[in-house]
Amino acid sequence: MADDNVNKTEKNGSNEEIKEQAEYTLSMETDFLREKIKQKPVNKKKLLRRTIITASMAVVFGIVACLTFLILEPVINNWLYPEEEAEEVQFLEETVTQEEEMSPEDMLTEEMIEDDTEPVELEDAQIEELLAQVTFGLDEYQSVYEELAKLAKDVERSLVTVTGVTSDVDWFNNPYENEAEASGVIVADNGRAMLILVSMNNIKGADRILVTFCNNTRAEADLVQKDASTGLAVLSVSLSRIDKRTSDTITIASLGSSSAGNLAGTPVIALGSPTGTSGSVSYGIVTSAGNVIDQVDSAYKLISTDIYGSLNATGVLINLKGKVIGIIDNSYNSKDRENLISAYGISELKNTITKMSNNQARAYLGIHGTDVPQKANLESGMPLGAYVKEIEMDSPAMVAGIQSGDVITGIGDIEITNYNGLLNALYNTAPDDVITIILSRQGIDGFQEMRVEVTLGEM
């Protein structure tokens, strides 16, 4: 019995110890669970600084990547898709045929000389009888114009419509596009692009330039070079932008001659937009071709016709052989004939077109000149050469001391006998070339020879 009480007492003691340990453990666990975890305070300045640095690095990386792409893209593209090298454009030397040089009277005389038969003298009655047998009715009249229309249609394959697109916004800030048109002519193929000659006076300040070919297909064009004196420009349309159907349809214009002595009185056709409407055609004759447009370092001939057209007419004049003899420009018409079609003579333009087509800079001397009249040469002893009428302000000619009234007789070893000779010599020079000009200046004792060195500028 005593043993049982002892055991109970020990058992109760053990239970109390276990209970105390449990309470202790529970108390410890409760205290641990009650602990609060505090977050580390955020340094806003440091976070902002890191954000700015990250954004800046992203912008720098983007700029570097963009520049790298712009620099390497053409190189990689040319390596993967090599393009043909552009060929230098050259126009054939002008050779005026005997038929173009001779007047109808000369041709008749020539035919009579070549004919071995004896000339037959006819009585007036016989002449009237022969003339009566020659008929020219409406059918013959119509056939003549059908032939002219056929010729015009064939040449139109080398003509294009150039559209200048300008973007703008209206009063309500809505974007819109303006379009202005001019007629151009395909003058060359340099192996990489079709080159187009066009007057840019109607499409100044265009943001984009589009070219519409004769089959109504369109392609984007790039400006190669523009001549400030004439307002003419050469555009290029990459051959990759021209589909095969179009390339098989279009042709390159044949450039003729405007320097023939008997150009006045010859029939011509105005193509492009002589009436202000694209694709219009007009017929007429050349009324004069002896006037020279006074421009710096040039001697462009003005061809006048009896064709009534628009003040803003553009396009070309062709002869009855289908050759281009003039580029239409009515800017130099007098007030009493402002609506009659006029054109730059193609012969005098060829050097300028060649420079523009090859994107070559033109040398600038800065003079207005003309030929020395034969009468002045004989009566006053004025030497033959290029007579200086006027000097451009601050031009290389003025800086070198050349004056109005001087006669330029040579450039280096090249003898100059007329104004065209001077222009041809300048054509073979480049900007920044230093040339020696030989000139004659009138003094008390007559004309005295001088030599001046001129550093040419850029036109």
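Me: How many bridges join strand 7 to strand 10?
Reply: This is a predicted model, in which local features need pLDDT of at least 70, side-chain atom pairs count only at pLDDT 80 or more, and totals for chains, interfaces and linings use all residues. Residues are numbered from 1 along each chain as its sequence is written, and side-chain values use heavy atoms, with hydrogens and water left out. Strands are DSSP runs of E with at least two residues, and helices are runs of H or I with at least four, numbered from the N terminus; two strands pair if DSSP finds at least two bridges between them. Strand 7 (residues 267-273) and strand 10 (residues 314-318) run antiparallel, and the number of bridges joining them is 5.

Me: Which residue of strand 10 is the bridge partner of Leu 271?
Reply: Strand 7 covers residues 267-273. For Leu 271, the bridge partner in strand 10 is Val 316.

Me: In what order do the strands of the closed barrel run?
Reply: The barrel has 6 strands with antiparallel pairing. From one strand to the next, the twist averages 40°, with axes fitted to C-alpha atoms and angles running from 0 to 180 degrees between N-to-C directions. The order is 7-8-9-12-11-10.

Me: Which helix lies across strand 7, strand 8 and strand 10?
Reply: Strand 8 spans residues 280-293. The helix comprises residues 138-155 and runs at about 45° to strand 7; this is helix 6.

Me: What percentage of the residues in the protein is buried?
Reply: Buried means under 20% relative accessible area, with a 1.4 Å probe and protein chains only. Of the 459 residues, the buried share is 36%.

Notes:
Contact means heavy atoms within 4.5 Å. Buried means under 20% relative accessible area, exposed over 50%, partly exposed in between (1.4 Å probe, protein chains only).
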